[in-house]
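Take a moment to look over the fold before reading on. The paragraphs below walk through it piece by piece.

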Amino acid sequence: MTVPLSTALDNGRINHAYLFSGPRGCGKTSSARILARSLNCVEGPTSTPCGVCDSCRSLAPGGSGNLDVMELDAASHGGVDDMRDLRERAMFAPAESRYRVFIIDEAHMISQSGNNALLKIVEEPPEHLIFIFATTEPEKMLGTIRSRTHNYPFRLLTPQAMRELLEHVVAEEGAQVEDTVYPLVIRAGGGSPRDTLSVLDQLLAGAGPDGLTYDLALPLLGVTDLSLLDAAVDALASRDASAIFHTIDNVIESGHEPRRFALDLLDRLRDLLVVRTVPDAFGQGLVDAPVDRADILRAEAEQFSPAQLSALATEVNDRIQDLRGATSPRLLLEVMMAHLLTIDGGAGAPAPGSAAPAQRPASGGSAGGGGSARCGGARRCPAR
């Protein structure tokens with residue numbers, strides 16, 4: 001996304017309206033502010049604002065702000081009166097900058113009448129005016145407005161990119177974080193840079209003199225202890241019912257939420273399936289786990305066939321919804337694990353949740369056999 005937008009800025013191809021769309025927390029509004037700096041930099045429009053001119057300093061994080069760059073949250077100011085006021089302000093020339101930039105967050109929340117009030121100026125804007133719309137749901141925006149924007153879709157960061165971002169932030173802060181903590185933080189953030197950095201900030205705030213350790217982060221994030229997942233996987237591999245129910249007892253006694261345990265178990269089964277089917281899964285970055293866990297996961301994966309892992313993961317996935325809001329989550333978790341013990345996953349085993357094949361009647365009754373059913377053994381066929 002940044003490459004085509006940077007190229008357009010460097011080539012002077014400025015559009016009067018931009019649409020930044022994508023999941024929450026992926027940097028849409030922050031990128032809109034950076035774009036405003038790039039447009040109004042004294043050396044701009046440029047993809048690399050100087051950062052020292054008055055415009056760049058005023059629009060930098062923690063800056064004083066700029067009269068020519070305005071932000072509006074359409075979730076609370078998306079009515080027709082708000083849009084009319086914005087339209088009137090937009091007609092004035094910039095006070096001290098090259099462009100007047102209006103950043104409208106949650107643009108899909110603009111009301112129908114508000115869109116109608118804004119439409120005319122978006123269709124025929126003055127040369128000094130630029131709109132930047134940011135939204136998580138671009139399909140809900142008015143089509144005539146969306147068609148007049150340059151749409152740049154934003155995406156969540158990959159685990160590898162997020163790891164690099166976190167390590168960079170930790171290095172700048174001079175903090176100490178154990179390697180085993182990063183996968184926990186990345187998973188908790190769900191790919192959102194904002195949410196992930198917020199989680200990291202919370203954890204660092206409570207870090208002790210030894211820095212942020214795995215044992216400290218685990219209870220704060222509510223993530224299942226790896227030893228419990230290891231025990232559950234080993235019990236499933238050996239079909240050890242006693243070990244399974246003892247593991248569930250340990251899950252409850254240690255304060256873990258049953259549904260979270262099931263979700264973490266599903267993630268573990270996914271990782272084992274990838275390790276089992278892709279020889280260099282760790283080298284290719286397909287498994288988001290610490291390097292020192294590689295041998296453990298490989299050993300666990302070798303205890304199952306790919307079909308078994310796929311069947312187990314499917315069963316867990318199908319039953320997780322039952323744990324949401326359940327009055328007896330422990331009981332349902334125990335039922336789930338009991339079902340997992342019955343899964344074979346071999347070629348001759350029925351698929352999870354499928355009905356067992358019907359037994360053939362012993363004699364030629366009415367169950368589909370009729371008079372054509374053969375008599376078995378030494379019994380004689382009844383007279384017709």
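What follows moves from the sheet to the cores and then to single residues.

This is a predicted model, in which local features need pLDDT of at least 70, side-chain atom pairs count only at pLDDT 80 or more, and totals for chains, interfaces and linings use all residues. Residues are numbered from 1 along each chain as its sequence is written, and side-chain values use heavy atoms, with hydrogens and water left out.

Five strands form an open sheet in the order 2-3-4-1-5, with parallel pairing. Strands here are DSSP runs of E with at least two residues, helices are runs of H or I with at least four residues, and both are numbered from the N terminus. Two strands pair if DSSP finds at least two bridges between them. In general, strands of a sheet pair through backbone hydrogen bonds, either parallel or antiparallel.

Which strands lie at the edges? They are strand 2 (69-73) and strand 5 (150-153), and each pairs on one side only. On average, neighbouring strands of this sheet are turned by 15° against each other, direction ignored. Axes are lines fitted to C-alpha atoms, for helices over the stretch in contact, and angles run from 0 to 180 degrees between N-to-C directions.

Now follow the pairs. Strand 2 and strand 3 are parallel and share five bridges. E71 has I103 of strand 3 as its bridge partner. Strand 1 (residues 17-21) runs parallel to strand 5, and four bridges join them. There, S21 is partnered by P153 of strand 5.

Helix 4 (residues 80-90) lies across strand 2, strand 3 (100-105) and strand 4 (129-135), and runs at about 160° to strand 3. Together, strand 2, helix 4 and strand 3 make a right-handed β-α-β unit. Right-handed means that, with the strands pointing away from the viewer, the path from the first strand over the helix to the second runs clockwise.

Next, the cores. In soluble globular proteins, nonpolar side chains tend to be buried together. A nonpolar core is a set of buried Ala, Val, Leu, Ile, Met, Phe, Trp, Tyr and Cys residues joined through side-chain atoms within 4.5 Å. Buried means under 20% relative accessible area, exposed means over 50%, and partly exposed lies in between (1.4 Å probe, protein chains only).

The largest nonpolar core has 38 residues, and L265, V287, V316, M337 and L340 touch the most other members. Several helices give two or more residues to this core, among them helix 11 (226-238), helix 12 (241-253) and helix 16 (329-342). Helix 13 gives the most, with eight residues. V287 is in contact (heavy atoms within 4.5 Å) with R270, D271, V274, V275, A281, F282 and L297, leaving aside neighbours within four places in sequence. A second, separate core of 22 residues includes L19, A107, L119 and F133.

T46 sits between helix 2 (28-40) and helix 3 (54-59). T46 counts as buried because its relative accessibility is 10%. A polar atom of the T46 side chain lies 3.1 Å from the backbone nitrogen of T48. Not counting residues up to four places away in sequence, T46 touches L9, D10, S38 and C41.

E106 is in the loop between strand 3 and helix 5 (112-123). Its phi is near 50°, a positive value in a residue other than glycine. At 25% relative accessibility, E106 is partly exposed. R239 lies in the loop between helix 11 and helix 12. Phi of R239 is near 55°, again positive in a residue other than glycine. R239 is partly exposed, because its relative accessible area is 41%.

Technical notes
Polar contact = N/O pair within 3.5 Å; in protein donor to acceptor, adjacent residues only side chain to side chain.
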